[in-house]
Amino acid sequence: MLSQNKPNPSDSPQVSCQTILPTTPLPSAISQNIETIIALHRRYEKDVPRHQRVVEAASAFFGRPAFLYSILLGITLWVIPNILPRRLGLSRFDPPPFSWLQFSLTTGSLLVTTGVLIKQERQEKLAEQRAQLSLQLNLLSEQKIAKLIGLVEELRQDIPNVKNRSDPEAEMMKSPTDPHAIINVLEETLASELTNFSQQKTPTQD
């Protein structure tokens with residue numbers, strides 16, 4: 001009789017259950033952009049005073065669930081000894097209406113609010129700087145695009161094989177857009193829309 005050799009599962013190579021996805025290096029342009037963003041953040045964080053870092057670290061803890069649980073636990077441990085009967089032998093250091101507890105919570109709320117405002121102020125400054133940078137880059141990109149359109153139009157006129165034609169839209173886009181004019185138009189349009197809306201909401205009088 002011929003014996004059939006069955007493959008032994010232990011002899012077969014083990015196949016990993018995890019799928020290994022191939023990774024490709026990022027393009028150089030994206031890597032440079034990431035490094036630029038990191039450099040900007042590092043430059044901004046380097047100028048932050050040490051005492052403000054401590055305040056912001058405490059403010060970050062205020063937004064975590066652990067801070068809420070610690071407040072609830074502290075209030076519970078404060079209230080329970082002050083509401084139990086005196087025969088248990090526990091001293092009431094803050095009997096109802098818990099004036100010291102109210103004072104502590106008020107003081108803590110003031111400190112928490114001040115810490116959060118300090119952190120938000122620095123974040124708003126950083127956001128304003130980012131908005132200014134984005135505005136500068138957008139204006140520069142718009143000027144570059146207008147310049148490229150002008151060069152393409154000149155090249156189209158110089159090539160003999162391309163039929164010369166008038167393109168009013170391209171002629172208009174050759175000039176960079178004036179941001180002041182756009183702001184004025186937006187303000188005038190918004191003011192007129194608000195006026196019309198208020199007139200529609202005002203009831204007519206007979």
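This is a predicted model: local features need pLDDT of at least 70, side-chain atom pairs count only at pLDDT 80 or more; totals for chains, interfaces and linings use all residues.

Tutor: The largest pocket holds about 400 Å³ of space. Its lining is made up of 13 residues, and those nearest the centre are L40, L126, Q129, R130 and L133. Sorted by class, the lining has 6 nonpolar, 4 polar and 3 charged residues. Two elements, helix 1 (28-46) and helix 4 (99-158), each give at least two residues to that lining.

So let's see how those two helices sit against each other. Helix 1 and helix 4 pack with their axes 12 Å apart, at an angle of about 140°. Angles over 145 degrees would count as roughly antiparallel, so helix 1 is oblique to helix 4. Their crossing is right-handed.

Now for the residues that touch. From helix 1 come L40, H41, Y44 and E45, and they meet R122, K125, L126, Q129, R130 and L133 of helix 4. By class, this contact has 4 nonpolar, 2 polar and 4 charged residues. Look again at L40, L126, Q129, R130 and L133: they lie nearest the pocket's centre, and they also take part in the contact between helix 1 and helix 4.

For a contrast, glance at the second largest pocket, with about 200 Å³ of space. Among the residues lining it are F67, W78, L101 and V112. Here helix 3 (65-83) and helix 4 are the elements that supply two or more lining residues. This lining has 7 nonpolar and 5 polar residues, but no charged ones.

Notes. Residues are numbered from 1 along each chain as its sequence is written. Side-chain values use heavy atoms; hydrogens and water are left out. On a 1 Å grid over the protein atoms alone, a cavity is a set of points where a 1.4 Å probe fits but cannot get out, and a pocket is an open set with protein on both sides within 12 Å along at least five of seven lines; lining residues have an atom within 4 Å of a point. Grid points are joined across faces, edges and corners, and a volume is the space filled by probe spheres set on the points. Helices (H or I, at least four residues) and strands (E, at least two) are DSSP runs, numbered from the N terminus. Ala, Val, Leu, Ile, Met, Phe, Trp, Tyr, Cys and Pro count as nonpolar, Asp, Glu, Lys and Arg as charged, and the others, Gly among them, as polar. Axes are lines fitted to C-alpha atoms, for helices over the stretch in contact, and angles run from 0 to 180 degrees between N-to-C directions. Angles under 35 degrees count as roughly parallel, over 145 as roughly antiparallel, 65 to 115 as roughly perpendicular and the rest as oblique. A crossing is left-handed if the near helix is turned anticlockwise from the far one by less than a right angle, and right-handed if clockwise. Contact means heavy atoms within 4.5 Å.
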